[in-house]
Amino acid sequence: MENKITKRTFIKSLVAGLSTTGLLTAIDKSFLTSARGQAMQDDDFYFIQTVRGRIKPSELGLTLIHEHLMVDFIGADKASKDRYNQDEVFEVMLPYLKEIKDLGVTGFAECTPMFLARDAELMKRFADALDMHILTNTGMYKEPYLPQYAFEKSADELAQMWISEIKDGIEGTQIKAGFIKIAVNPGSLIPIQQKIVRASARTSKATGATIACHTGHGVAVMETLSILKEEKLPLEKFIFVHAGSEGDIKYHLAVAEQGAWVEYDSISPGEANRYIQLIKTMIDNGHEDRLLLSQDAGWYNVGQAKGGNIRGFAYIIKDFIPLMEKSGIDKNLIDKFLITNPAKALRIPIKSGEGVNPEGKLKSTFGKVKSDN
């Protein structure tokens, strides 16, 4: 996708889109010009990889960085695209995306990993229908959502497969992954999750893509960061997913202090006040540049009638932003959490990469692996 948008055009469209949400009610437009100009001054050196192709970071706009359109918890050994009807999923979930698009959301990171109903072609269908910047991912989750070959292959072999999904495309398509989604178990990391962390680090080093790691546990995140350091990966390429699930704020602060991203992504009505306090603590400790916000919403569940109980994506825009403002959180910081920081977290250097030493080049399928050897 060619990037022909100018900064002037971007700022103009940004203001028009966000004004409808009330987010920019009292923000000086001169701030937008200076802040966006400063944040995106190296725009030409990075890109965001969406399911429709590359865009500049400045084009991503108001972004929900951790959401799900569809999931399937049947297990890796039974995962299949035959288990759902793409047309039905599209029909059910399109209104939820359209609602947030009408509220000014233009960026959307779909975090469902492979073997849990990741469907790159369906994501592109949504992106085309709504002209949204949707990202999908590569990487692997944890048991029982790991295929047998995840235990048998080396970290380098797994990395090579994931590198291919970022550079060449997913499952025989031209649709490329825009970030790496993995998971770790709570507590000390078991061997298979250690290997997946190492594979993700090598994938990130080879491609420049960011790792979003389902964590939610202080001991686990610190061990994960230790492995990433051993792999010599800059920690700015790591997102502490579900950080709000860890009740001890010292871990949130420690992750941010090391340069990684802290993601509060389970924002909901029942948790709103708690998350506002967490956000204020991060701000008070000078970590507003390392903070990401989202909802972990959506969740069309394969196997349930019409996807079961869908949770919409609009709460954070319609309700939580006003709550943050009312609590005294500066509108400029809200702008940073939902626009500037996601673009920085997801951006990929145009020239990047140290290669891995693969033990065989692998190509992924929905639930199988093929070897070129």
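**Buried residues and helix packing**

Q: Ala-120 first: buried or exposed?
A: Ala-120 is buried, because its relative accessible area comes to 2%, which is under the 20% cut-off for that label. Please keep in mind that this is a predicted model.

Q: Where is Ala-120 found?
A: Ala-120 sits in helix α4, which covers residues 120-130.

Q: And what is it in contact with, neighbours within four places aside?
A: With those neighbours left out, Ala-120 is in contact with Thr-136, Ile-170 and Ile-175. For one of these, Ile-170, the C-alpha atom lies 7.0 Å from that of Ala-120, although the two residues are 50 residues apart along the chain.

Q: Stepping back, how many helices and strands are there in the protein?
A: The protein has 12 helices and 15 strands. Of its 373 residues, 60% are buried, and among contacts with a separation of 6 or more, 78% join residues 24 or more positions apart.

Q: How many disulfides does the structure hold?
A: The structure holds 0 disulfides.

Q: What about Cys-111, buried or exposed?
A: Cys-111 counts as buried, since its relative accessibility is 1%. Cys-213 is buried too, because its relative accessible area is 0%.

Q: Switching to helices: at what angle do α7 and α8 pack?
A: Helix α7 (residues 191-207) and helix α8 (residues 218-230) pack at about 45°, and their axes are 9 Å apart. The two helices are therefore oblique to each other, and their crossing is right-handed.

Q: Which residues make that contact?
A: From α7 the contact takes Gln-194, Val-197, Arg-198 and Ala-201, and from α8 it takes Thr-224, Ile-227, Leu-228 and Glu-230. Sorted by class, the contact has 4 nonpolar, 2 polar and 2 charged residues.

Q: Where does Leu-233 lie?
A: Leu-233 lies in the loop between α8 and β9, and it counts as buried because its relative accessibility is 5%.

Q: What is Leu-233 in contact with?
A: Apart from neighbours within four places in sequence, Leu-233 is in contact with Ala-201, Ser-204, Lys-205, Ile-211 and Leu-228. Ala-201 and Leu-228 are also among the residues of the contact between α7 and α8. As for Gly-208, it is 25 residues from Leu-233 in sequence, and the C-alpha atoms of the two are 9.9 Å apart in space.

Q: How do the axes of α8 and α9 cross?
A: The axes of α8 and helix α9 (residues 249-257) come within 10 Å and cross at roughly 15°. That angle is why α8 counts as roughly parallel to α9, and α8 passes α9 in a left-handed crossing.

Q: Which residues make the contact there?
A: On the α8 side they are Gly-218, Val-219, Val-221, Met-222 and Leu-225, while Tyr-251, Ala-254 and Val-255 come from α9. By class, the contact of α8 with α9 divides into 7 nonpolar, 1 polar and no charged residues.

Q: Which residues are buried in α9, and what covers them?
A: Tyr-251, His-252, Leu-253, Ala-254, Val-255 and Ala-256 of α9 are buried. Their cover includes α8, β9 (238-241), β10 (261-264) and α10.

Q: And α9 is followed by which residue with a positive phi?
A: That residue is Gly-259, whose phi is near 95°.

Q: Last one: where does His-287 lie, and what does it touch?
A: His-287 lies in the loop between α10 (272-284) and β11 (291-293), and it is buried, given its relative accessible area of 9%. Not counting residues up to four places away in sequence, His-287 touches Leu-253, Ala-256, Glu-257 and Met-282. Of these, Leu-253 and Ala-256 are among the buried residues of α9.

How values were computed:
Residues are numbered from 1 along each chain as its sequence is written. This is a predicted model: local features need pLDDT of at least 70, side-chain atom pairs count only at pLDDT 80 or more; totals for chains, interfaces and linings use all residues. Side-chain values use heavy atoms; hydrogens and water are left out. Helices (H or I, at least four residues) and strands (E, at least two) are DSSP runs, numbered from the N terminus. Buried means under 20% relative accessible area, exposed over 50%, partly exposed in between (1.4 Å probe, protein chains only). Contact means heavy atoms within 4.5 Å. Axes are lines fitted to C-alpha atoms, for helices over the stretch in contact, and angles run from 0 to 180 degrees between N-to-C directions. Angles under 35 degrees count as roughly parallel, over 145 as roughly antiparallel, 65 to 115 as roughly perpendicular and the rest as oblique. A crossing is left-handed if the near helix is turned anticlockwise from the far one by less than a right angle, and right-handed if clockwise. Ala, Val, Leu, Ile, Met, Phe, Trp, Tyr, Cys and Pro count as nonpolar, Asp, Glu, Lys and Arg as charged, and the others, Gly among them, as polar. A disulfide is a pair of cysteine sulfur atoms within 2.5 Å.
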